[in-house]
Amino acid sequence: MASFNLVDQRWIPCVMHDGRTEEMGIQDTLLKAAEIREVLDSSPLVTAALHRLLLAILHRNFGPESLTEWRGLWEHGRWDGAVLMQYLADWRPRFDLFDEDRPFYQVADIAADLSPIARLELQSASGNNPTLFDHSLDAAPTPVTAARAARAMLSFMSYAPSGGNSAPFNFCDSPLTRGFTVLALGDHLFETLALNLMPYNLERPISVLGQDIPLWEQDGYRVPDPAGTMPSGYLDYLTWPSRKILLVPQGDPPTVQWCRVRQHLKVSSELLDPLKCFERSEKGGLFPRPLDSGRALWRDCHVLFQQVDKSWKRPDLFNWLARIDGLRRAGVINAKPQYACSLLGCAVDSGQAKVLFWRHERLPLPLQYLSDSDLVNALREGLAIADRVGNALTMAAYQFALLTVVPQWDLMNAVNQKKAESKSGDAINKVRKSLQVGLHYWPALEREFRRFLLDLPQDRTIEEGREVVYGYHVTVQWAKTLQKVARRSFERAMCLESHSQRELKATAQAEACLRRHLIQALGHYAQKGGD
Amino acid sequence: MQLLSDRDIKFVAHLTALQPSTANGRAALARLRRGLGKTPGEAHDVHRFVVPWLNDSDSDWVVACFYLVASLYASYCDSAWNKNESSADGDRNLGASFAVWRRLEPRATERLARHFGLLVSSERNELSENLRHAISLFRSREVPVDWAVLLGDLRRWDQDHHPVQFRWAREFWRDSMSQSDATDNAAAFIAAERPNEEE
């Protein structure tokens, strides 16, 4: 009989402090948490799902009900090995991936057709999934190891998108399908898990409505409701069974080629995930802020950090981290003023059961941002300048495209200019897009932005009237950096392949346009910084 | 602003020392002018003025540039830039010279653009003739020329991505745009999509 027990079999990818990756079971991962730098998979969806599993186990065993209890755990520096080992021993059979009666996270008897295992790996070529990295064939799926099947199943349970027929109703989004998850990162896995281990009681992180236990402790199955089901509590939510799944093992050691999948519980839309950022709709409801393929998350990090905003709700995790920082400043706990955070998620094609792209971004997280609105405003200003400079680049690219498509445009009168632009609008925008100035600008800026993010809190001035101002010097430096990166991006985009008169004229005039718009974009920072 | 080579500066200084106000100067300039339209091998009258400035490592093209500039200078030796006049970046390349001409004759912009375009898109084998034509037009309108800059630019004419041609174009077209460029329509077009795209 096949067996693969997740408590001690190696399946969780752990990056050690020396950079090696080593797979460990649940027990070792938690007991050696301080020796592990982080849990990290090539798929951000697996990474997020693994953290949620580990958090569920920790909450189950350690609470903590209050900040005081949390502080005790934090200062201990390690999870209580005796408590964890006893718990995992008590529930060991339920962690066997191929147990005949209660396989981990699965249902032993499912009325569903066989599907290739690639279906659970959202990056694989299977069904609707666009081929991101893989060329598996549904008719002859490649068997995967039990470890890989476990990771795939865990992430699928959290991220499976809606779309496709099933019973008792068609497939719905899983808890993490929409939006992105935010995780705090410490210097090692113990710190990471502890930072994300928010107080767990009847009210927080989400209200407890019944017996709140993780999936492997539950007996029986709830009846799925197409209108959505409210989790019993946070443990229930962290281990939410959005699907009924069964992995079909073969061979020894066991591999998995096939699985069965069926719709199970749809989580209620009223549940606000404490690790997500929400935006307010026009009608007033809160929805997970979606990923944007054309805009990295760091560009809106001021929104993530903002305490109060009428359009957004930041993750509850950040409220919790702000409390930790308050205790640190008061000298009550020993913590750092700065950690980091991971932003993980995917974007799906609605109703098509298709993952379009996924994202994993990391940002430094000086905790001061979480409680200092003046600092966040200064950050917002810096990002706004970056946006304006980006717009200046776009305008310059447009100017180049315009003069490439309509070379005599500058010699026309205003009326004919407008006519020519309108007539050739599609061609102009096609040329503009082909330059991809944004592709040169924003990725180059990301590294520089981290420096700005870290330096801004240190650049604090108290002006007359005791008004606190951040960025008196740092923002000027940031503006200079933006200019430099913008010009470099422009040069790269305009790399001349020929020296035709048309191209030279278009480039020269686009550069002049960039200069003018940069002056406008930078405002008084242009005068301060100079060029 | 373009950095000038010491040799280029000194070579041009040597040429400008040939004063048309003296008999020797006039005779020297006349010999140099006979080199117009000829290859270095054919321009026997020019050798004594150019060869002392050449290095053994100079390519045929670099040699040709020295002969060309020497002859062109002789055809328009009263061409110095005024001390107070230069482009915003201080660049005095031939694009800036054309820009001066355009400021002198704003109505001739379209015609000038054609002359400029012809010159800036020249291949090596076309440059000599196109430059002679341009310099003769400059002479008739007293448009300034910086010969040291021109020599340096000619030597680098075929660099990858054509930075010389782009610097000329930048100077020529810099002030030709109206301040209200395509912004209004650009904003409308771009707003219909997503600005600040990273794709």
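Visitor: What should I know before reading the model?

Guide: The model is predicted: local features need pLDDT of at least 70, side-chain atom pairs count only at pLDDT 80 or more, and totals for chains, interfaces and linings use all residues. Residues are numbered from 1 along each chain as its sequence is written, chains are lettered from A and ligands numbered from 1 in the order written, and side-chain values use heavy atoms, without hydrogens and water.

Visitor: At what angle do helix 6 and helix 9 of chain B pack?

Guide: Helices here are DSSP runs (H or I, at least four residues), numbered from the N terminus. Axes are lines fitted to C-alpha atoms over the stretch in contact, and angles run from 0 to 180 degrees between N-to-C directions. Helix 6 (residues 109-120) and helix 9 (residues 163-173) of chain B pack at about 170°, with axes 11 Å apart. The two are therefore roughly antiparallel (over 145 degrees).

Visitor: Which residues of the two helices meet?

Guide: Contact means heavy atoms within 4.5 Å. From helix 6 of chain B come B:Leu112, B:Ala113, B:Phe116, B:Leu119 and B:Val120. They meet B:Gln165, B:Trp168, B:Ala169, B:Phe172 and B:Trp173 of helix 9 of chain B.

Visitor: Which residues of helix 6 of chain B are buried?

Guide: Buried means under 20% relative accessible area (1.4 Å probe, protein chains only). In helix 6 of chain B, B:Thr109, B:Leu112, B:Ala113, B:Phe116, B:Gly117, B:Leu119 and B:Val120 are buried. They cover an arc of only 160° around the axis, which puts them on the same side of the helix. That arc is taken from the directions from the helix axis to the C-beta atoms.

Visitor: Why can such a side form?

Guide: An α-helix has 3.6 residues a turn, so residues three or four places apart point the same way.

Visitor: What covers the buried residues of helix 6 of chain B?

Guide: The cover includes helix 15 (501-522) of chain A, plus helix 5 (94-104), helix 7 (124-141) and helix 9 of chain B.

Visitor: How do helix 2 and helix 4 of chain A cross?

Guide: The axes of helix 2 (residues 44-62) and helix 4 (residues 81-90) of chain A come within 11 Å and cross at roughly 110°. These helices are therefore roughly perpendicular (65 to 115 degrees). A:Ile57, A:Arg60, A:Asn61 and A:Phe62 of helix 2 make the contact with A:Val83, A:Leu84 and A:Tyr87 of helix 4.

Visitor: Where is A:Pro199?

Guide: A:Pro199 lies in the loop between helix 6 (189-195) and helix 7 (234-238) of chain A. A:Pro199 is buried, at 11% relative accessible area. Not counting residues up to four places away in sequence, A:Pro199 touches A:Pro64, A:Glu65, A:Arg204, A:Pro205, A:Trp320 and A:Arg323.

Note on methods: Angles under 35 degrees count as roughly parallel, over 145 as roughly antiparallel, 65 to 115 as roughly perpendicular and the rest as oblique. Buried means under 20% relative accessible area, exposed over 50%, partly exposed in between (1.4 Å probe, protein chains only).
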